[in-house]
Amino acid sequence: MLAETLAAIRPADQRALAEARAHQDRLTKPRGSLGALEDVAIRLAGAAGACPPPMPSPAALAIFAADHGVHARGVSPWPQEVTVQMVANFLSGGAVANAFAAQAGVPVTVVDVGVAADLPDAPGLVKRKIAYGTADLSRGPAMTVDQAVRALEAGIVVARGLVAEGARCLIAGDMGIANTTASAALVSVFTGKDPAEVTGRGTGIDDDTHKRKVAVVREALHVNGLSHDEPQPAGSSPSEALRALAAVGGFEHAAIAGFILCGAAARVPVILDGVIAGAGALAAAALDPATTDHCVAGHRSAEPGHAATLDHLRLRPLIDLEMRLGEGTGALLAHPMVCAAVRMMHDVATFDAAGVTEKPV
Ligand SMILES: Cc1cc2ncn([C@H]3O[C@H](COP(=O)(O)O)[C@@H](O)[C@H]3O)c2cc1C
Ligand SMILES: O=C(O)c1cccnc1
């Protein structure tokens with residue numbers, strides 16, 4: 001299923017991109033006056049291979065939840081059971097993601113890909129547990145390559161299902177205590193930046209804990225043969241990318257990578273959230289760089305690794321509100337902006353049609 005998805009991914013359509021750029025310039029507004037929103041509209045035309053692109057609506061949010069063996073290293077101030085407790089909170093509608101999703105009119109699906117507890121069946125819960133949390137990435141591989149592939153495929157299955165139900169925009173959220181540590185390791189591996197530059201304070205840690213977290217990320221790269229002085233950088237081939245994802249990622253990162261790959265394959269745009277979704281996007285891009293053409297950066301998280309991620313993927317975030325929550329919250333806030341950008345391509349009159357005089361050249 002992974003191979004089939006990868007085989008279906010196409011880069012942005014150059015003709016649709018050119019048509020969208022030309023169309024933008026004929027609309028009744030000064031050229032460039034909508035700033036980054038113009039880029040979003042053009043980007044989605046390229047992704048869809050059509051100008052104007054289809055409206056990215058309705059959207060669907062999938063929150064991928066999993067636990068992390070590295071939690072045992074004291075990298076998060078929160079107890080691990082908060083992951084499963086927050087899954088229950090998502091399912092009963094009480095989390096921030098639920099409030100923002102309700103505001104944006106987006107339905108929420110929660111996917112257990114590796115929570116360290118059994119979950120009762122519930123409406124809105126998809127059970128695709130790979131294991132009861134990953135192994136400690138600072139002592140060896142967090143998962144086997146086979147587990148990483150199964151998690152990627154869980155993300156693909158969920159995205160396929162949402163698209164089959166009519167979703168025309170995909171949003172990936174995350175829940176997993178300690179997952180900013182795995183995110184930092186992935187970001188360091190895929191961007192080549194030093195762990196000290198891309199490891200942040202997650203849910204809020206003091207200076208000593210932050211120091212330990214950086215050391216843990218450094219150990220993780222070292223023990224898994226992913227330090228930057230290794231002969232084969234992680235982005236060098238799809239099989240190396242997969243090995244790196246398995247070594248230092250989480251089940252939710254792998255599932256989010258699969259979810260993004262499936263969006264790209266189906267030509268359904270994906271709005272990225274914060275550093276966890278960003279780390280998943282880096283893995284997806286390492287498997288096929290054309291994937292990024294189908295992504296929009298919803299926001300920039302306060303985590304330093306997220307800025308490095310967006311730079312590496314050459315994505316410009318739509319929102320920068322110093323948020324650092326995850327769950328898909330930043331992407332949910334951006335969804336109406338992405339819709340507005342595309343609607344402009346459909347609805348705004350051209351100078352000719354509206355009889356508005358253009359400025360002399
Ligand atoms: C109540 C609560 C709700 C959350 N919603 C998202 N996260 C976010 O924080 C976690 C990552 O931060 P760290 O690596 O520092 O543990 C993830 O679960 C992420 O989704 C939450 C965290 C908490 C505590
Ligand atoms: O960037 C994020 O999404 C993020 C940052 C800190 C904690 N949880 C999520």
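**Ligand 2.** I sorted the shell around ligand 2 by class and got three nonpolar, seven polar and three charged residues. Nonpolar here takes in Ala, Val, Leu, Ile, Met, Phe, Trp, Tyr, Cys and Pro, charged takes in Asp, Glu, Lys and Arg, and the others, Gly among them, are polar. Of the 13 residues around the ligand, Gly274, Val275, Ser301, Arg324 and Gly326 come nearest; a residue is near if its C-beta atom, placed from the backbone, lies within 6 Å.

**Ground rules.** I note that this is a predicted model, where local features need pLDDT of at least 70 and side-chain atom pairs count only at pLDDT 80 or more, while totals for chains, interfaces and linings use all residues. Residues are numbered from 1 along each chain as its sequence is written, and chains are lettered from A and ligands numbered from 1 in the order in which they are written.

**Domains.** I looked up the division of the protein chain: domain 1 is 1–53 + 346–354 and domain 2 is 59–339, with bounds from an automatic or database domain assignment. Their C-alpha centres lie 28 Å apart. The contact (C-beta atoms, placed from the backbone, within 7 Å) takes 19 residues from domain 1 and 21 residues from domain 2. On the domain 1 side, α1 (2–8) and α3 (35–48) each give two or more residues; helices are DSSP runs of H or I, at least four residues, numbered from the N terminus. The largest share, nine residues, comes from α3. By class, that side has 13 nonpolar, three polar and three charged residues.

**Glycine 192.** I found glycine 192 in the loop between α7 (179–191) and α8 (195–198). Beyond its neighbours within four places in sequence, glycine 192 is in contact with His228 and Pro233.

Key:
Two residues are in contact if their C-beta atoms, placed from the backbone, lie within 7 Å.
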